Amino acid sequence: MSNQTCLGEAEIEAFGRFVEAGGTLLAAGECGTRNHHGKAREQCPIFDLLGLRYEGISTQYETNGVRGYVPWVDHPYFRHLRNVEYNLWHNWPMVTAVEAEQITPVIKPVAVENDDNYVGWFPLPPGTPTSYAGLTERRLGRGRAIYSVSPIVWFD
């Protein structure tokens, strides 16, 4: 599920059964942050399934060209990807691993671009890692639920 924002309760329950029965769920971006009518949720049950706590969307860096980074780590999920910091070009979901393994964090840019601190077409470099998850995995039943803060196909 790549950034599938609208998910109904029945769909989320079906995903849970799928994972517990041995399936692999890969969710990315703002999956399930809205119900099946498109109404924003305060609590997002898909993130409960993923073992994450959803805290909203990061908007602090929305004036930046790059709004965050996901660093490469030595993990099987990254074996076919280049060893770089991957750009987050959008306001990213702030999620914290609660019952999931955090594989890599989100790194914030070194500063916020504004009229006095303008970089132009070159993005500001990575700053410090946040406590927010960039990529996680939760083992549940016989399956696993994987979360990527950004639609994973952007990186591969």
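This report describes a predicted model, starting with its first helix and moving on to the cores, the strands and the salt bridges.

**Helix H1**

Helix H1 covers residues 9-20, twelve residues in total. From its first C-alpha to its last it reaches 17 Å, close to the 16 Å expected at 1.5 Å a residue. Three residues of H1, namely Ile 12, Gly 16 and Val 19, are buried. These three lie on the same side of H1, because the arc they cover around the axis is only 70°. An α-helix has 3.6 residues a turn, so residues three or four places apart point the same way. On the other side of H1 stand Ala 10, Glu 13 and Arg 17, which are exposed.

Which elements cover the buried residues of H1? The cover includes strand E1 (24-28), helix H2 (45-50), strand E7 (126-140) and strand E8 (143-148). Just after H1 comes Gly 22, whose phi is positive at about 120°.

**Nonpolar cores**

The largest nonpolar core has 26 residues. Within this core, the residues with the most contacts are Ile 46, Phe 47, Leu 50 and Tyr 147. At least two residues of the core come from each of H1, E1, H2, strand E2 (52-57), strand E5 (93-97), E7 and E8. H2 gives the largest share, which is four residues.

Ile 46 shows what such contacts look like in detail. Apart from its neighbours within four places in sequence, Ile 46 is in contact with Met 1, Leu 7, Ile 12, Phe 15, Leu 25, Cys 31 and Gly 32. One of these partners, Ile 12, is also among the buried residues of H1.

**Strands and their pairing**

Strand E5 is largely enclosed by the rest of the structure, because four of its five residues are buried. E5 runs antiparallel to E2, and four bridges join the two strands. In this pairing, Tyr 54 stands opposite Val 95 of E5.

Strand E8 is also described by its burial: five of its six residues are buried, so E8 is largely enclosed by the rest of the structure. How many bridges pair E8 with E1, and in which sense? There are five, and the two strands pair in the parallel sense. In that pairing, Thr 24 has Arg 144 of E8 as its bridge partner.

E8 also pairs with E7, here in the antiparallel sense and over six bridges. Leu 135 has Ser 148 of E8 as its bridge partner. E7 and E8 form a hairpin with two residues between the strands, and in this hairpin Gly 141 takes a positive phi near 60°.

**Salt bridges**

A search of the whole structure finds five salt bridges.

| Residue | Partner | N to O separation |
|---|---|---|
| Glu 99 | Arg 138 | 2.6 Å |
| Arg 139 | Glu 137 | 3.7 Å |
| Arg 144 | Glu 137 | 3.3 Å |

The salt bridge of Glu 99 with Arg 138 links distant parts of the chain, the two residues being 39 residues apart. Glu 99 lies in the loop between E5 and strand E6 (101-109), whereas Arg 138 belongs to strand E7.

Glu 137 takes part in two of the salt bridges in the table, one with Arg 139 and one with Arg 144. Through these shared partners, Glu 137, Arg 139 and Arg 144 are joined into one network. The accessibility of its members is as follows. Glu 137 is buried, with a relative accessible area of 9%. Arg 139 is exposed, with a relative accessible area of 61%. Arg 144 counts as partly exposed, at 25% relative accessibility.

Notes: Residues are numbered from 1 along each chain as its sequence is written. This is a predicted model: local features need pLDDT of at least 70, side-chain atom pairs count only at pLDDT 80 or more; totals for chains, interfaces and linings use all residues. Side-chain values use heavy atoms; hydrogens and water are left out. The expected span of a helix is 1.5 Å times one less than its number of residues. Buried means under 20% relative accessible area, exposed over 50%, partly exposed in between (1.4 Å probe, protein chains only). The arc is that of the directions from the helix axis to the C-beta atoms. Contact means heavy atoms within 4.5 Å. A nonpolar core is a set of buried Ala, Val, Leu, Ile, Met, Phe, Trp, Tyr and Cys residues joined through side-chain atoms within 4.5 Å. Two strands pair if DSSP finds at least two bridges between them. A salt bridge is a side-chain nitrogen of Lys or Arg within 4 Å of a carboxyl oxygen of Asp or Glu.
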